[in-house]
Amino acid sequence: MCGLVCGVVMVAPSLSDKDVRAALQALEQVTDEQEAQAWRVGHLGKKGAVTLALRALSALPLQERKAQGRRLNEARQRLDEAYRARVAALQNKQPSEEADWSLPITDTPMGSFHPIEQVMGEIRAFFLGQGFAFADGPQIEDEEHNFCALNMPEDHPARQMHDTFYVQGGTRLLRTHTSSVQVRAMRARQVKEGGLYMFSAGPVYRRDYDQTHTPMFHQVEGLAVDKALDMGHLKGCLLAFCRSFFGGDVALRFRPSFFPFTEPSAEVDIAFSRTDKEGGLGGVGGEGGLRLGGDEWMEILGCGMVHPKVLQACDIDSSQWRGFAFGMGVERLAMLKYGMRDLRMFFDSDMRWLQHYGFHPFAAVP
Amino acid sequence: MKLVWSWLQRHLDSDLSVAEVAERLVALGLEVDAVVAARDDLTDVHVVEVERIEAHPNADRLRLCSWRGADDKRGTVVCGAPNVRVGLRSLLAPVGTQLRGWDKPLRAATIRGVVSEGMLCSPQELGVGDDASGIIAIDSDVPLGTPAHTALGLDDVVLDVALTPDRVDCASVRGLARELAAAGCGTLKPLEPLESLLAQGGTGADVTPVAILKEAQGLCGFFSLCRIEGVAARPSPLWVQKALRACDVGCHNVLVDVSNYMMLDLGHPLHVYDAEKVCGAVRVRLSKKNEPFKALDGETYPLDAGLLVVADDNSVLALAGVMGGVASGCSAQTRDVLVECAHFAPSAVAKSGRALGLVTDSRYRFERGVDVSDSLEVLARSCAMLVTLAGGKDKGYSAAGSVTPDKEQAVIACNRETVATYGGVELEEAQVQGILSALGFVADEGGEGGKEGWRVPSWRFDIHESQDLVAEVLRVHGYEHIPAKAFAVPQAQMQARVESVAYGAGVPLLSHAGVTGLCRVAAARGLCQSMSWAFIGLEQARALCVGEPLQLANPLSQEMAVMRPSLLAGLLLACARNQKRGFTRGALFEHGAVWREGAPDKQGYNLAFVRWGAKEERHWRAKGAKEGVDVFDGKADLYQLLGAWMTVKGQGQGRYALPPWYQGSSAEAGKSVPIVAHYGIPTASLCRLFDIEGAVVMGELYLDKLPPPSQRVFASYVPSPYQAVRQDFSFDFARPVRAGALLRVVEAVRQKTGLIREVSIFDVYRDGQEQKMSMGLSVVLQSQEETLRAETIKDVSATLVAAVAKQCGGVLRDG
């Protein structure tokens, strides 16, 4: 390295234009701030060439002193500006080539939302937006709310469709569907004059465990009770939901079915086709290989007009009020939209699966 | 319900194709799960008879079989099946046959020096079953040369119709044909005229006396037995066997097969008794406590009192409408039979079926409803079929009860207005009437149907209300014709609504926004959300709760026997599973319901988390990759989570009454009652129980015990414009002091002086052996009113030092 005197042009006591040019050239050669600082001391410092030359002015006659003084001041200003510019340039110097910015960051990797959380959030956002109120109820129910009030008395064969878990030492059971919340909401209806628009969501339990059934799964349930509702409104409501949920121009098929708590009852199928590509009906995710539209049908939900016996059981005058209700399996909707294949993996907590099918917490629930 | 295409054609005259019929059935609410096509790849395989068997010259287990086919065609094959015998009819795949699943057509093969021209086939080789132990045996009455698909009954298309529980009237071929005809898919063919109805009474001794005892009246509306003498219990003819097999009904002998065939054909279950094994009169009565009954499934059941049974003088013959008994069952030796056609109440049949856990085709139908009015006709047709196929002579029947339903069929109103009101479809009155009439509903006395009402046909048990008739009209008219109407919740309703409500005792009402916020914080901290079963093993539950957990009466397994008292169980199980899969480091969280104190009504709601393994992933800059997670990782998670729900002051003062599943160094959050969360290290025994290795930290928030999120209220605050001063203090202590205690002292000084803005502990040192320790405290002083003067700073510092000395015994270190 040059040391402190490096690049200093020794001119004393006067300073020619040539000297200034030489000084400026020397400034161009410095490569870091430390060298620039040494250059400044050499030229503009107390013992620098400019300072010495200025000091030497007093020995000159007045007229020459004035002319030289102006010239020297100009030179000092030039050198000072050049110095500042050089320092600024050195400070903004681009990093050297050696740094490897491709090294991966060490931030904590983001965790994820479970697909059920995501899908329930999507459904909740839709129905809250439509003006339905959310209602929750106990997961351990009694036969009255889970069956009897829903037109499933003890001998009803439909009870066999719900293989039920019972709690030891009593008649309490794990709810087999979220429809029990309907009953509670209708019975608790505050404004008797007004209609009731509610939905519920949460885990339900059935004593069944194989490739396509898990003993616990999630349902979303909706109910509208008012004075002038019919199957057409039910169709309109569900069509709007499916369009919003699947995000496309969905084709739905309503076909007659049976539920003890609705009449007429329907099951709803969605039109789809199989593709070679990956993805669920939502056009995203896994290896489902499904696409919206086509000539195959897949069941997505059950619905119907609330059975008059259910209204009566909830102390609602069925000659005045009518309603529609619907229920859907959240896992099934998730699988259709996002293309997961194995139902059982939803409850396995496999880190690999959760990281693959999980949702970013801030891009996630709307 | 399996619907065999050719069987349907015996009842329905229709031009529609299989696909069209299937589509129509779905549109009518009779879902078609599958259409199983006929096997058309078996035409080359045909029936032959084994004429001669010789030993194979070069193999002990193989034999040379000479066969004879149609037109006296003959050949020889090598066969190793143990069941081959002279006279056996079986199926031969000749050379050149392309069998399903085989790469190439069958070639003439030389097996140990002998040429085999073709192959006698096992069910597995033909792809018609799993049995590979022997060759298929074909009944001796099947003509030689019959193609395999005909001989096996695989030449028919079968529709698998999934019946909903209400449509038992369609649990027969006749019922489905009736439904299709009503929907305009063809004409229902009249049943073949009966040559003669049975004679009632017969001649004295020939007929078995029957009675419905008083206790059983109301549960059995009608009971009849027809006696047929001199039958031969031989195998059924092929067409009956084919029809039954196609419906997944096993074949026994013609006596049993005919009763099954008639049940599938007309929907009315029947039973056939061996008349010689019935002693005296037959009565329908209620069972007595512990009366023994050996059912046809081979099991002996001690009956409960009060089940509906059919009994003779000695014992129970059958569990009415559910299953017959072994003692009176038909065998190959049966000569005389009693054919039963009866009507049992759904509740009685359901009760016995449930009591014994028996699920049968008969129970299925009686439980949902069987038409009583056709009982005598069904009995007559069944007996006629039996006499035709099994020989014998019917000796007349005896009966008790009545074939008129005890309740008159209901009359229910429905017209175009009703259809429009519920169905949202505008139809002409004539359309409504046309549909209902075609379905068998009869306009009541009033004439037009409509307001006067419709009389429900005797075979329908699912029609009780006007809405049921609307459903009938809609499904025949077609659900696709219901117009979708714009739907919106009325404005007034929207404004009046409470966005979230919880019903039921003890059900916490949680804010979705609050829970979602917690999830976001958890996920942002690297925790993945998991979902586990709400039920866990008893031992695991006991390890995670105080008192006894809530047990299920009928769990799926011991691992799913009780309702979880804590979410930690699911997370620790997940941790163990992931560790076994090689995930040595991970982090999970879950929120969901828990049941505390073993009470069904104590449904709580928690959020829990677990971290295991190293603090950090191995990484070029990672410093904690070798260190396991510790209690402070859990504490950090917990306080960040709590902070998302509410304003948290301080970070807990230490150890109070910890749940026993946490190790000593754990702590609880929130001194005030109720305690809202715990965090810490699981005890070693808990880790052993869940089979977890290495460093683990966990925590659980009791969300239902947290205060509900409320609008945040801010005290007014203006940032001070005056300079802040940082003062560091190092205190030496002669005995250990908790950081919480030191911070409490600082807080008191802050309250007193109002000049402390921030405080942190920057150093903690403990002398390994001795009790002595020191803590470094950094305090930022700032006044809201003025620039702090040197004296003031000195005063505050002195106050702090004095307070620490007095309350914690701390001495300011020199320098």
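**Rings and charges**

Reply: Happy to. A:R322 lies over the face of B:Y422, at 5.5 Å from the ring centre. A charge sits over a ring if NZ of Lys or CZ of Arg is within 6 Å of the ring centre and within 35 degrees of the ring normal. This is a predicted model, where local features need pLDDT of at least 70, side-chain atom pairs count only at pLDDT 80 or more, and totals for chains, interfaces and linings use all residues. Residues are numbered from 1 along each chain as its sequence is written, chains are lettered from A and ligands numbered from 1 in the order in which they are written, and side-chain values use heavy atoms, with hydrogens and water left out.

Me: What lies over the face of A:W321?

Reply: That is A:K227, at 4.9 Å from the ring centre.

Me: And how many aromatic pairs are there over all chains?

Reply: The whole structure has 29 of them. Rings of Phe, Tyr and Trp (its six-membered ring) pair if their centres lie within 6.5 Å; planes under 30 degrees apart count as stacked, over 60 as edge-to-face and the rest as tilted. One of the pairs is A:W353 with A:Y357, tilted, with 5.1 Å centre to centre and 50 degrees between the planes.

Me: Where do A:W353 and A:Y357 lie?

Reply: Both are in helix α11 (residues 351-357) of chain A, 4 residues apart, about one turn of the helix. Helices (H or I, at least four residues) and strands (E, at least two) are DSSP runs, numbered from the N terminus.

Me: Are A:W353 and A:Y357 buried or exposed?

Reply: Both are buried. Buried means under 20% relative accessible area, exposed over 50%, partly exposed in between (1.4 Å probe, protein chains only). Another tilted pair is B:W661 with B:Y662, at 6.4 Å centre to centre and 35 degrees between the planes.

Me: Why does B:W661 count as buried?

Reply: Because its relative accessibility is 9%. B:Y662 is buried too, with a relative accessible area of 5%.

Me: Which residues form the aromatic cluster?

Reply: Among them are A:F126, A:F199, A:F326 and B:F487.

Me: Switching topic: how many helices and strands are in chain B?

Reply: Chain B has 21 helices and 39 strands. Its C-alpha trace spans about 125 × 85 × 55 Å along the principal axes, and 50% of its 815 residues count as buried.
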